[in-house]
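Welcome, and please open your viewer. We will take a short walk through one part of this chain and then step back to see the whole.

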Amino acid sequence: FISLFALVAGVLIGFVLSSFFQTTLLEFEVVGGNVLNVKLNDPYVEKGILCEYDGIDKKEYVSIEYFDINGVKIDKIDTTNVTSYLVKYIYEEEEIKTSITRVVNIVELENLEIHFLTLGNQYTGDSIYIKAGETDILIDAGSRSDSASAISSYIDKYVSDSKLEYVIATHADQDHIAAFPGNDGILELYEIDTIIDFPLTNKTSKVYQNYRNKVNELVQEGTKHYTALECYNNENGASRIIELAMGIEMEILYNYYYENKSSDENNYSVCVMLRRGDEQYLFTGDLEKEGEEYLIQNNELGDVYLYKAGHHGSKTSSSIDLLNIIKPEVVVVTCVAFNMDNVFPTKTAIDNFNSVGVKNLYVTSMVDDNGKTVDANGNIVMYSNLTGTYMRCSNNNNDFYTFEMFKKYRTWN
């Protein structure tokens, strides 16, 4: 068998002509493991094509027996209007001379959007809406109970059936869960299929009790509820890796504090890795530095395109050790910047981002010179589709470090 880890980014494809072959039917980009992104530049691709790979010691050849398109077996695919696929090679035949026959399972990548929301008040908090194909996910609903109207009015533009397939509550602080319960809360306004939340908490607050009571009520009505630890362990019907759409999956990562007590509530945060094809996007809630160290030890993280800064860009999160592992291209900080009572993002966090080469920094809200809470970048959206992956913001598309207020209060080295 041929190791797919050894594939080169550009792979030549052609029909077998004696000991020669033609080229340029397909161009492959390695994603890792046995999954590839493929760009097709010929109107039709037929079975029998020969793939040339750079093997470990020599070039190897693989022919394709047939294509399995979303479960349908065909001999030829029309690629006229499709430019991006996931390709999985399934070993089915023994080696014959220098060739191995494989079935190609081709799945078109669906679109992904990640929205980081402003929350309608002066308080820092998290609410992240994700649309993966036709699947709707909400991670957290802060910062206060009155944020529910800001959240719902925004996501109603995208949720067409009043249903959230997945709701994730990362931990029990009010700036992450306050807008979930209540008569006008998110858990009341939408039909919820599945709730995933924190296994442990130190909280006894009314906000937490209201959240827990509402979750229990929904479970009685048929909503599925799992802790992140159940998901990680694939227990009680929960899954560690959840397929959200074609080519898009969500993995519940292991956090040491899922099953070990911490004096800091933030360390109980549910940690999530989202993937579309070969791109990754990391969400760690308010996980602190000690939690990040365990996250590194217990998970294979790898490079990410986007990182939601831990704990709103505090000096106790987004450690150098974590950033050196994930090497994010884009960092989003969900906070009210320049609020002098709680200054986010901190210079420590910004210096850490700078030290690992982060040049794309976005912040949801800020306080202006008059003390008024206003949009910084505003609602921040990452799009990943056939045209590529890119960022758009409701107020200002520029990186946050170009803002005059940033220059006034921070130094970008």
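Begin by selecting strand 19 and strand 20, which form a hairpin with 2 residues between them. In the turn, click on G247, which has a positive phi of about 80°. Strands here, like helices, are DSSP runs numbered from the N terminus (helices are H or I with at least four residues, strands E with at least two).

A word on what you are viewing: this is a predicted model, where local features need pLDDT of at least 70 and side-chain atom pairs count only at pLDDT 80 or more, while totals for chains, interfaces and linings use all residues. Residues are numbered from 1 along each chain as its sequence is written, and side-chain values use heavy atoms, leaving out hydrogens and water.

Next, colour residues 241–245, which make up strand 19; this strand pairs with strand 20 in the antiparallel sense over 4 bridges. Two strands pair if DSSP finds at least two bridges between them. Show I242 and look across to strand 20, where M250 stands opposite.

Now stay on strand 20, residues 248–252, and turn to its other partner. Select residues 272–276, strand 21, which runs antiparallel to strand 20 and is joined to it by 5 bridges. Here E249 faces R275 in strand 21.

Is strand 20 mostly covered or uncovered? Mostly covered: 4 of its 5 residues are buried, meaning under 20% relative accessible area with a 1.4 Å probe, counting protein chains only.

Finally, zoom out. The chain holds 9 helices and 28 strands, and 55% of its 413 residues count as buried.

Notes: Buried < 20%, exposed > 50% of the residue type's maximum accessible area, 1.4 Å probe, protein only.
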